[in-house]
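I opened this chain to look up its sheets, its charged pairs and a few single residues. These are my notes, in the order in which I took them.

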Amino acid sequence: MELLKNAKKNNVKTCGIVNVVESSIARLADFVLPIHAGPEIGVAATKSFTAQLIVLYKIVQKLSENITINFEEFSESISKMIENPKKIQKIAKELKNVSDIYILGRGINYPIAIESALKLKELTYIHAEGIPGGELKHGPLALMDTDVFVIIINPNDSTYTDTLTSAREIKARGAKIIGVSDIESDIYDHWIEIPKINEILYPISEIIPIQLLAYYAALEKDTDPDYPRNLAKSVTVK
């Protein structure tokens, strides 16, 4: 809200991408784009996050002459990916007694690593941290050992080879690897398969199975995934 108020104060046109059309942002912004995700019951936003991404992609597609996205085909591929969550549930069982999870991503995948860490720590109370792939040897590699799980976000894009090299270095230190990719590898102890899609859409296909992983891991730890301890739905203090 502070950013929005400052923008208005400086006569900058603003657009609010919101799920609640009566929200403070919607009332203050010059333009409003509702995401129509429906009520977000849980404190940890999941469907609203992915819906916001979709709206941003639609904006990009409108502004670009070179990007064409078949959203219907993309939706079908996502539905197929999550129709059988048994593999994710099995991985969630192994996370029950883990104390540290690191999520590694490069380039466009790094923001998803950060979001994944947020969901895991909110829902499971496990320490989770997003790591940029290029920073692995500048500190995070020292944390890797046999007690650690590392989620490698590794779609078949321009970052694939370098990320796989990072996975090998982590595996050599004894950490367990969960690969989120459309390509299987023997480096992964567990593989969460995502669909082969347009490269720019990988972030959405990556975050959804990790949201499910956080949800099922929370159930394994007997925590309430809708109401994490110490957290509120809206934050009103600086």
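The entries below go from the strands to the side chains.

**Entry: what I am looking at.** I noted that this is a predicted model, in which local features need pLDDT of at least 70 and side-chain atom pairs count only at pLDDT 80 or more, while totals for chains, interfaces and linings use all residues. I number residues from 1 along each chain as its sequence is written, and the side-chain values use heavy atoms, with hydrogens and water left out.

**Entry: the open sheet.** I take helices (H or I, at least four residues) and strands (E, at least two) as DSSP runs numbered from the N terminus, and I call two strands paired if DSSP finds at least two bridges between them. I found five strands in an open sheet, in the order E4-E3-E5-E6-E7, with parallel pairing. At the edges I find strand E4 (127-132) and strand E7 (190-193), each of which pairs on one side only. On average, neighbouring strands of this sheet are turned by 20° against each other, direction ignored; for such angles, axes are lines fitted to C-alpha atoms, for helices over the stretch in contact, and the values run from 0 to 180 degrees between N-to-C directions.

I then looked inside the sheet, where strand E5 (residues 148-153) and strand E6 (residues 176-181) run parallel and are joined by five bridges. Ile151 has Ile178 in E6 as its bridge partner. Helix H7 (residues 160-172) lies across strand E3 (100-105), E5 and E6, and runs at about 170° to E5.

**Entry: strand E1.** I also looked up strand E1 (residues 15-18), which has a covered face with Gly16 and Val18 and an uncovered one with Cys15 and Ile17. Four bridges join E1 to strand E2 (residues 31-34), and the two run parallel. Cys15 stands opposite Phe31 in E2.

**Entry: charged pairs.** How many salt bridges does the count come to? I count a salt bridge when a side-chain nitrogen of Lys or Arg is within 4 Å of a carboxyl oxygen of Asp or Glu, and by this rule the count comes to six. For exposure I use relative accessible area: buried is under 20%, exposed is over 50% and partly exposed is in between (1.4 Å probe, protein chains only).

One of these bridges joins the side chains of Lys119 and Glu122 at 3.6 Å, N to O. Both residues lie in helix H6 (residues 110-124), three residues apart, which is about one turn of the helix, and both Lys119 and Glu122 are buried.

Another salt bridge joins Glu169 and Lys137 at 3.1 Å, N to O. Glu169 is in helix H7 and Lys137 is in the loop between E4 and E5, so the pair ties together parts that are 32 residues apart in sequence. Lys137 is exposed, at a relative accessible area of 60%.

I also noted a salt bridge between Asp189 and Lys171, at 3.8 Å, N to O. This pair links distant parts of the chain, with Asp189 in the loop between E6 and E7 and Lys171 in helix H7, 18 residues apart. Asp189 counts as partly exposed at 33% relative accessibility, and Lys171 also counts as partly exposed, at 31%.

**Entry: Thr223.** Is Thr223 buried or exposed? I found that Thr223 is buried, with a relative accessible area of 13%, and that its place is in the segment after helix H8 (202-220). Leaving out residues up to four places away in sequence, Thr223 touches Leu123, Tyr125 and Ala218. A polar atom of the Thr223 side chain lies 2.9 Å from the backbone oxygen of Leu123; a polar contact is a pair of N or O atoms within 3.5 Å, and within protein one must be able to donate a hydrogen and the other to accept it, while residues adjacent in sequence count only if both atoms are side-chain atoms.

**Entry: Arg27.** The Arg27 side chain reaches the backbone oxygen of Glu22 at 2.5 Å.

Technical notes:
Contact means heavy atoms within 4.5 Å.
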